[in-house]
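Here are my notes on the model, as numbered points.

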Protein chains: 2
Amino acid sequence: MSDRRANLHQVLRQRICLLDYAPGTRLSETDLAQEFGTSRTPLRRALARLEDEGLVRSLHGVGTIVTDIDLPEMDATYALREELAELAGILAPVPVSAKALATLDALIARGDTLRQGRDPRDFARLNLDYFLFGLSLTGNDALRETSERLYIRTARIWLHRLERLDLGEEIDIFLQEMHETRRALMIGDTRAAALIRRVHISMCRKRLLSGDLPG
Amino acid sequence: MSDRRANLHQVLRQRICLLDYAPGTRLSETDLAQEFGTSRTPLRRALARLEDEGLVRSLHGVGTIVTDIDLPEMDATYALREELAELAGILAPVPVSAKALATLDALIARGDTLRQGRDPRDFARLNLDYFLFGLSLTGNDALRETSERLYIRTARIWLHRLERLDLGEEIDIFLQEMHETRRALMIGDTRAAALIRRVHISMCRKRLLSGDLPG
DNA sequence: TCGCGCTGTGTTGTGCACAACTGTTCATCA
DNA sequence: TGATGAACAGTTGTGCACAACACAGCGCGA
């Protein structure tokens, strides 16, 4: 795929995941094409991919609409993400490298500065980068691709529900998890790092969704 | 998505998975459009989706080419599929219904007739339908979608490698697994059914890939 | 006043022509 | 003879015009 096209898709996806386009928003192909200085054709290619990812839905004669956040579906996705997180430490775990540790240190540093600014969007970006770092611990491509796909589907609700929680507290919990992960990786225990990640996702799921699920 | 468009995608995907289009085959947008009585535009939409699924790759000025089967990647995908198969019995298992048992019986019947005809393509279709039946045992949508996506990626190599094995023996093994699954479902043990499925995938992986993986 | 259909506006879907690009073939020249 | 490059055929990518469709608003009639 061309770089420009992949970029189009990524930019739109980020806007949806960062809630710049809230669920229910109608995206205009014409307007977006104009904004990106292109025609509708390549833009439609990007929207098509977003539709396959479940982030938008195109209806003939109506519009392209950002999908709603469906709580039961989000819960199911989180349940699966939990399991996949643990698998990252089991399927083809990659030996811990000095470079990986340096990357993690950089992420921790970003987390420290985050405690000052307390910007939810920055938090969301850091969360994504930390997630991608976690995926780098497995050599199983299929697992990486699958996990990322599922993450994209839950990123929105994470940010949306974050506003109901204590942002400072959430950042602290996040920092502690990164430190704990660092300790595990320092002694080369990739499996433990993956389990820490699973614990994190599980508690996130509880904090975000508890009390709002029907049944 | 329109039915016609979804259909286009499904037909092409099936052709690739059944090896009507072998890896390396160059697909002509113009020819395909003509065959389906449409223009290139909707056809390109279908090809785009196939590209996102990893079944084809479009190169500007060159063509749209059916991707090669990459053995290490297939192995990694199988490893993940194993785990997901077991998860189907753990995450939101669905109570066994009489209708589900009837469906399974119909599949077993198809397997019996397969022993006579011994057509690999029919075997492949039965394999897919049995796989989809297995997914119906979980209520977790994300798991279903993910598993199906991964299955699609391994369907080709399964059929390709099947020709090296004893087809009659493979059909017998397959029939035995379905019978075993039936016994598990008769006593309402969805979890056991999922484990049987995992065993099946694991042994399939070994039989198909053993001895050909580098390293 | 209510119901019905028409019409206007805006949206996505399709078809077509052309641009951009690649690989090949063949002629030309050192 | 080998190398080089220019022309060519064939492919995917892009832009644009129009078709197909949904919905809201309005007018008309019972």
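1. In this predicted model, an N or O atom in the side chain of Thr38(B) is 2.9 Å from a phosphate oxygen of DNA strand C.

2. Which elements give two or more residues to the surface near DNA strand C? From chain A they are strand S1 (26-27), helix H3 (40-52), strand S2 (56-59) and strand S3 (63-66). From chain B it is helix H3 (40-52).

3. DNA strand C is surrounded by 20 residues. The closest are Arg40(A) and Arg44(A) from one chain, with Thr38(B), Ser39(B) and Thr41(B) from the other. Of the atoms of DNA strand C that come within 4 Å of the protein, 62% belong to sugar and phosphate.

4. Sorted by class, the surface near DNA strand C has ten polar residues, five charged and five nonpolar.

5. On the relation between the protein chains: chain A superposes on chain B by a rotation of 180° with 0.0 Å of shift along the axis, and the RMSD is 0.0 Å. This is therefore the relation of a two-fold axis. Both copies use the same surface, in that 100% of the contact residues of chain A recur in chain B.

Definitions and conventions. Residues numbered from 1 in each chain as written. Chains lettered and ligands numbered in written order. Predicted model: local features only at pLDDT ≥ 70, side-chain atom pairs only at ≥ 80, totals over all residues. Heavy atoms only, no water. Near = heavy atom within 4 Å. Polar contact = N/O pair within 3.5 Å; in protein donor to acceptor, adjacent residues only side chain to side chain. Helix = DSSP H or I, 4+ residues; strand = E, 2+ residues; numbered from the N terminus. Nonpolar A, V, L, I, M, F, W, Y, C, P; charged D, E, K, R; others polar. Least-squares fit on C-alpha atoms with pLDDT ≥ 70 in both. Contact = heavy atoms within 4.5 Å.
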